[in-house]
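Have the view open beside you and follow the points in order.

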Amino acid sequence: MKPALLALGTLGLLAQPPGPVPVSLPAALPGGPQVDAKDHLPLLLGETTPKAILAHRAIFRDTLAKVQLSPALKARWKGVSRPLTLVAVFGSWCGDSHYQLPDLLALEADPNPFIEVHYLGVNRDKAIEATAWPKGCAPQKAVRVPTFYLFSTQPGGEQKLVGSVVENPPRAGQRMAEALVELVETAAAQP
């Protein structure tokens with residue numbers, strides 16, 4: 001009887017397909033968000049909020065939990081008193097965004113009323129609808145993510161691009177929070 005069971009078991013194994021069968025996922029889940037073509041996870045696209053970012057993927061929450069901002073850096077962020085608009089273009093699929101964006105989320109935990117912050121999620125093609133940009137901010141082309149665009153409010157409400165930080169802080173060993181504080185301080189000091 002044992003040889004018969006062994007033979008049936010062997011036949012059963014041979015009848016199964018070898019290895020996993022590749023599954024093709026649609027670009028969007030029925031009734032849901034678009035799905036990334038590489039990691040097959042939902043994408044966060046267009047204008048969004050810190051709350052939505054943190055709810056979207058655990059990596060953002062986990063990284064934010066590790067961010068430690070000094071009281072001096074927080075005070076510098078709060079000390080800017082010129083109207084500015086900071087637009088963070090990021091990819092919910094992007095490793096650099098997972099690491100760098102939480103620094104801005106940490107700064108924003110104690111918001112500065114003079115710095116209006118907007119978050120724009122993009123797909124891997126980094127295309128951004130012109131209508132997604134905050135009012136008065138000229139649409140910019142993102143080549144890498146995250147990219148942080150800083151606009152200064154001009155008389156009459158027009159927004160002028162005054163600087164950006166692309167993908168990583170400009171100095172080796174610098175945290176993104178420090179780079180962003182330097183960016184807003186420099187813009188606030190300009191006439």
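**Notes on the rings, the cores and the last-listed helix**

1. Both Trp133 and Tyr149 are buried. Please keep in mind throughout that the model is predicted.

2. In total, the structure has three aromatic pairs. One of them is between Phe60 and Phe90, an edge-to-face pair with 6.2 Å from centre to centre and 85° between the planes. This pair links distant parts of the chain, since Phe60 sits in helix α3 (residues 58–66) and Phe90 in strand β2 (residues 84–90), 30 residues apart.

3. Are Phe60 and Phe90 buried or exposed? Phe60 has a relative accessible area of 0%, so this residue is buried. Phe90 also counts as buried, because its relative accessibility is 0%, and the cut-off for buried is under 20%.

4. Now back to Trp133 and Tyr149, which also form an edge-to-face pair, with 5.6 Å from centre to centre and 70° between the planes. Trp133 lies in the loop between β3 (115–121) and β4 (147–153), while Tyr149 is in strand β4, so the pair ties together parts that are 16 residues apart in sequence.

5. Next, the largest nonpolar core. This core has 31 residues, and the members that touch the most others are Trp77, Leu86, Leu104, Tyr119 and Phe148. Two or more residues come from each of α4 (71–79), β2, α5 (95–108), β3, β4 and α6 (176–189). Which element gives the largest share of this core? That is α6, with eight residues.

6. Leaving aside residues up to four places away in sequence, Leu86 touches Trp77, Leu104, Ile115, Glu116, Val117, His118, Phe148, Tyr149, Leu150 and Leu183.

7. Finally, a closer look at α6. This helix has 14 residues and spans 20 Å from its first C-alpha to its last, close to the 20 Å expected at 1.5 Å a residue. Its buried residues are Met176, Ala177, Ala179, Leu180, Val181, Leu183, Val184 and Ala187. What do they pack against? The buried residues of α6 pack against α4, β2, α5, β3, β4 and β5 (159–166).

How values were computed
Residues numbered from 1 in each chain as written. Predicted model: local features only at pLDDT ≥ 70, side-chain atom pairs only at ≥ 80, totals over all residues. Heavy atoms only, no water. Phe/Tyr/Trp six-rings, centres within 6.5 Å; stacked < 30°, edge-to-face > 60°. Helix = DSSP H or I, 4+ residues; strand = E, 2+ residues; numbered from the N terminus. Buried < 20%, exposed > 50% of the residue type's maximum accessible area, 1.4 Å probe, protein only. Core = buried A, V, L, I, M, F, W, Y, C linked by side-chain atoms within 4.5 Å. Contact = heavy atoms within 4.5 Å. Expected span 1.5 Å × (residues − 1).
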